Amino acid sequence: MKLWSGRFEKNTDSLVDRLNASISYDQRMYAEDITGSMAHAAMLGARGIIPQDEAERIVKALGEILEDCKAGKIEFSEENEDIHMNVEVLLTQRIGDAGKRLHTARSRNDQVAVDLRLYLRKEITMLEEQVRSLIEAICGKAEQHLHAIMPAYTHLQRAQPSTFAHYTMAYAEMLLRDLGRLSDCRARLNLCPLGSGAACGTTYPIDREMTAGNLGFDGPTRNSIDGVSDRDYVVELASALSLLMMHLSRFSEELILWTSLEFGFITLDDAYATGSSIMPQKKNPDVAELVRGKTGRVYGHLMGLLTVLKGLPLAYNKDMQEDKEAIFDCLDTVSDCLAVFTPMYQTMTVRTDRLRRAASEGFINATDCADYLVKKGLPFRDAYTHTGKLVHHCIETGETLETLPLEEYQAVSPSFDEGVYQAIDLDVCLSCRQVPGGPAPEMVQAHIGQVRALLKNGGA
């Protein structure tokens with residue numbers, strides 16, 4: 001018999017039971033459901049809403065159920081629909097009628113809302129640690145390659161001198177912003193909806209501040225209807241996770257390109273690559289490709305959540321049950337991707353010789369050549385035009401700016417002298433970019449220090 005069956009004369013159809021049940025996925029919130037119930041029972045006893053001795057029996061029995069769940073001794077039933085009713089049935093089986101008092105001054109509407117907030121708060125904290133680990137891996141690899149010159153790209157064309165360290169630390173910054181978004185989301189969801197009831201609170205003299213404090217919330221939600229009817233914190237988390245996956249996907253795309261023979265910038269460790277069933281020579285970057293592909297999965301859940309919620313009237317509607325599978329899969333997907341991406345990145349080999357060769361072949365010192373003329377007194381636009389003519393000439397003759405004879409330079413502009421060869425030397429080009437945020441090794445080392453300081457202080 002359903003706990004809510006009093007008003008009904010017929011049993012629900014078995015297909016309805018199957019569609020309605022959520023225990024297959026919301027059972028992962030068993031610890032949060034039990035913890036929330038223990039806090040609720042303690043408050044009921046403290047306020048004299050139920051006898052204190054019964055409140056203590058409830059709390060004790062719930063603690064035992066929690067331990068049994070952790071030990072794998074509990075098998076949840078689809079007949080009891082969800083984690084809330086499964087726990088309540090277990091409780092009543094163990095302590096009798098006292099267990100029936102637990103749901104006083106509470107609805108499943110505020111119960112599921114507190115469970116979900118507690119669960120997401122915990123999961124966000126775990127994800128943050130994974131993101132921090134990846135950022136530290138990026139910093140570590142960057143510190144090893146402060147002087148590994150490579151081209152930076154625009155439009156996927158070689159553009160200006162950079163280093164492997166400078167290039168990859170851009171992703172550290174993106175991930176720091178992802179950390180900030182996760183932290184912001186956790187702060188906004190950290191309010192306790194218990195006491196909202198089904199929608200409009202309760203007539204019992206409950207202490208919402210006590211319950212919120214015991215569960216580690218910053219306080220109770222300020223409106224009972226809002227407390228049970230909105231899931232914007234779920235959407236916000238899905239959005240933050242989508243942005244995080246977008247950054248991982250872009251990073252994956254870089255690694256996929258860099259492992260190809262056409263680039264050859266990196267070699268993945270064998271433990272993080274796969275082969276072909278027919279081509280013996282293949283070493284495929286499947287981990288990076290899967291991360292790139294799974295990004296669409298997280299995006300899809302974000303759009304699904306927005307679509308579910310977009311037309312709902314206040315307050316609770318059963319449509320909102322669709323929030324959990326979506327956000328749980330987002331969390332699982334992102335966590336799984338981070339778990340394998342980080343060691344893949346840590347163990348890959350950076351081929352500095354190939355980086356240097358790419359840097360030397362793409363006229364990435366052309367801007368430095370133009371700047372050389374500007375320092376001689378020419379307007380930048382004139383210097384730009386002169387340098388463009390030199391590059392065109394080099395392409396036609398098979399030369400580079402480094403190998404082009406001085407007389408060819410001077411045929412374009414008499415302002416050129418022997419000093420141009422030092423000005424366009426790649427190491428000089430790099431070392432001269434001393435602007436904060438630039439690729440000069442000293443600047444990148446400082447940047448790495450700043451990022452590590454932020455991680456140490458827990459900020460983003």
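## A first look at this predicted chain

Buried residues, meaning those under 20% relative accessible area with a 1.4 Å probe and protein chains only, make up 49% of the 460 residues in the chain. By the same rule, exposed means over 50%, and partly exposed is in between. Please keep in mind that this is a predicted model, where local features need pLDDT of at least 70, side-chain atom pairs count only at pLDDT 80 or more, and totals for chains, interfaces and linings use all residues. Residues are numbered from 1 along each chain as its sequence is written, and side-chain values use heavy atoms, with hydrogens and water left out.

### Overall form

The chain holds 19 helices and 4 strands; these are DSSP runs numbered from the N terminus, with helices (H or I) of at least four residues and strands (E) of at least two. Its C-alpha trace spans about 100 × 55 × 40 Å along the principal axes. The radius of gyration is 30 Å, whereas a compact globule of 460 residues would have one near 23 Å. That radius is taken over C-alpha atoms, and the globule rule is 2.2 Å times the number of residues to the power 0.38.

Contact here means heavy atoms within 4.5 Å. Of the contacts between residues at least 6 apart in sequence, 76% join residues at least 24 apart.

The chain has 48 positive and 65 negative charges, and their mean positions are 3 Å apart. Lys and Arg count as positive and Asp and Glu as negative, while His and the chain ends are not counted. Each charge is placed at NZ of Lys, CZ of Arg, CG of Asp or CD of Glu.

In soluble globular proteins, nonpolar side chains tend to be buried together. A nonpolar core is a set of buried Ala, Val, Leu, Ile, Met, Phe, Trp, Tyr and Cys residues joined through side-chain atoms within 4.5 Å. The largest one in this chain has 77 residues, of which Leu120, Ile135, Phe164, Leu241 and Ile327 touch the most other members. Elements giving two or more residues to this core include α6 (108-144), β1 (149-154), α7 (164-189) and α19 (441-456). The top contributor is α10, with 14 residues.

Beyond its neighbours within four places in sequence, Ile135 is in contact with Ala172, Leu175, Leu176, Leu179, Val451 and Leu455. Another core, of 26 residues, lies apart from the largest one, and its members include Ile23, Phe76, Leu90 and Ala105.

### Backbone details

Ala105 has a positive phi of about 65 degrees although it is not a glycine. This residue is in the loop between α5 (83-95) and α6, and its relative accessibility of 10% makes it count as buried. Phe363, also not a glycine, has a positive phi near 55 degrees; its loop runs between α13 and α14 (366-375). A cis peptide bond joins Leu314 and Ala315, with omega about 5 degrees, and Ala315 belongs to the loop between α11 and α12.

### Distances to explore

Here are some residue pairs to find in the structure.

| Pair | Apart in sequence | C-alpha to C-alpha |
|---|---|---|
| Gly72 and Leu62 | 10 residues | 15 Å |
| Glu81 and Ser22 | 59 residues | 5.9 Å |
| Thr385 and Leu134 | 251 residues | 43 Å |

Gly72 lies in the loop between α4 (52-70) and α5, and Glu81 is also placed in the loop between α4 and α5. Gly72 is exposed, with a relative accessible area of 61%, whereas Glu81 is buried at 3%. Thr385 sits in helix α15 (residues 380-397) and is partly exposed, with a relative accessible area of 40%.
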